[in-house]
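Dear colleague,

Here is the structure I promised to hand over, with the sequence alongside. Please open it first, and then read the notes that follow.

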Amino acid sequence: MQKSIECWGMFEFACPGRTDGNPFTDYEIHGIFSGKKETVRVAGFYDGAGVYKVRFMPSWPGTYRYTVSGSFSEETYQGQFLVTEPSKGNHSRPWITHCSIQRVDVYRTAENTDEWQKQYRSEEHTSELQS
């Protein structure tokens, strides 16, 4: 059965690896995730008890393939998962943007960035806008 996650959800891959020496600093793990519209390389980490993990947040619906490898293991792991459409209320990854000392930090999403910039400019903060 193929694993399925929602767009902008978190996919996590865990696998065993080396424990000799200091696994937190002596070994490297990374994953390469490829979908129709993106290919992303992400670093993983040692989670303790001989387990290494790689986490990824997909940006687009569709099938993603991944390869996980590194010095943590002689094995190379491959697989795939399905990314479904985001659910109602899931408005993409947030980016935190500091606007001014007088304003609270504003959260922008991929969906509302243009609208946010129009609103911000209309409030006479043009000199502070760094986009």
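**Strand pairing and sheet**

In the pairing of this predicted model, histidine 30 has alanine 43 in S4 as its bridge partner. Strands here are DSSP runs of E of at least two residues, numbered from the N terminus, and two strands count as paired if DSSP finds at least two bridges between them. Because this is a predicted model, local features need pLDDT of at least 70 and side-chain atom pairs count only at pLDDT 80 or more, whereas totals for chains, interfaces and linings use all residues. Residues are numbered from 1 along each chain as its sequence is written, and side-chain values use heavy atoms, with hydrogens and water left out.

Strand S3 (residues 30–34) pairs with S4 in the antiparallel sense over 5 bridges, and S3 and S4 form a hairpin with 4 residues between them. S3 is also joined to S7 by 5 bridges, again running antiparallel, and in that pairing isoleucine 32 stands opposite threonine 67 in S7. S1 and S8, by contrast, run parallel and are joined by 4 bridges, with leucine 82 in S8 as the bridge partner of serine 4.

Taken together, there is an open sheet of 5 strands in the order S1-S8-S7-S3-S4, with mixed pairing. S1 and strand S4 (39–43) stand at the edges with a single partner strand each, so one side of each is left without a neighbour in the sheet. Neighbouring strands of this sheet are turned by 30 degrees against each other on average, direction ignored; the axes behind that angle are lines fitted to C-alpha atoms, for helices over the stretch in contact, and angles run from 0 to 180 degrees between N-to-C directions.

**Threonine 84**

Threonine 84 lies in strand S8 and is partly exposed, with a relative accessible area of 32% (buried means under 20%, exposed over 50%, and partly exposed in between, with a 1.4 Å probe and protein chains only). Although threonine 84 and glutamate 6 are 78 residues apart in sequence, their C-alpha atoms are 4.8 Å apart in space. Leaving aside neighbours within four places in sequence, threonine 84 is in contact (heavy atoms within 4.5 Å) with Ser4, Ile5, Glu6, Cys7 and Pro61.

**Nonpolar core and cysteines**

The largest nonpolar core has 21 residues, of which Phe33, Val68, Phe72 and Phe81 touch the most other members; such a core is a set of buried Ala, Val, Leu, Ile, Met, Phe, Trp, Tyr and Cys residues joined through side-chain atoms within 4.5 Å. At least two residues of this core come from each of strand S2 (11–16), strand S6 (51–56), strand S7 (62–69) and strand S8 (77–84). Beyond its neighbours within four places in sequence, valine 68 has contacts that include Phe13, Ile29, Val54 and Tyr77.

Cysteine 7 is buried, at 1% relative accessible area, and cysteine 15 is buried as well, at 4%. With a disulfide taken as a pair of cysteine sulfur atoms within 2.5 Å, the count comes to 0 disulfides.

**Two loop residues**

Tryptophan 8, in the loop between strand S1 (3–6) and S2, has a phi near 70 degrees, a positive value in a residue other than glycine. Alanine 49, in the loop between strand S5 (45–48) and S6, has a positive phi of about 55 degrees although it is not a glycine, and alanine 49 is exposed, with a relative accessible area of 81%.

With best regards
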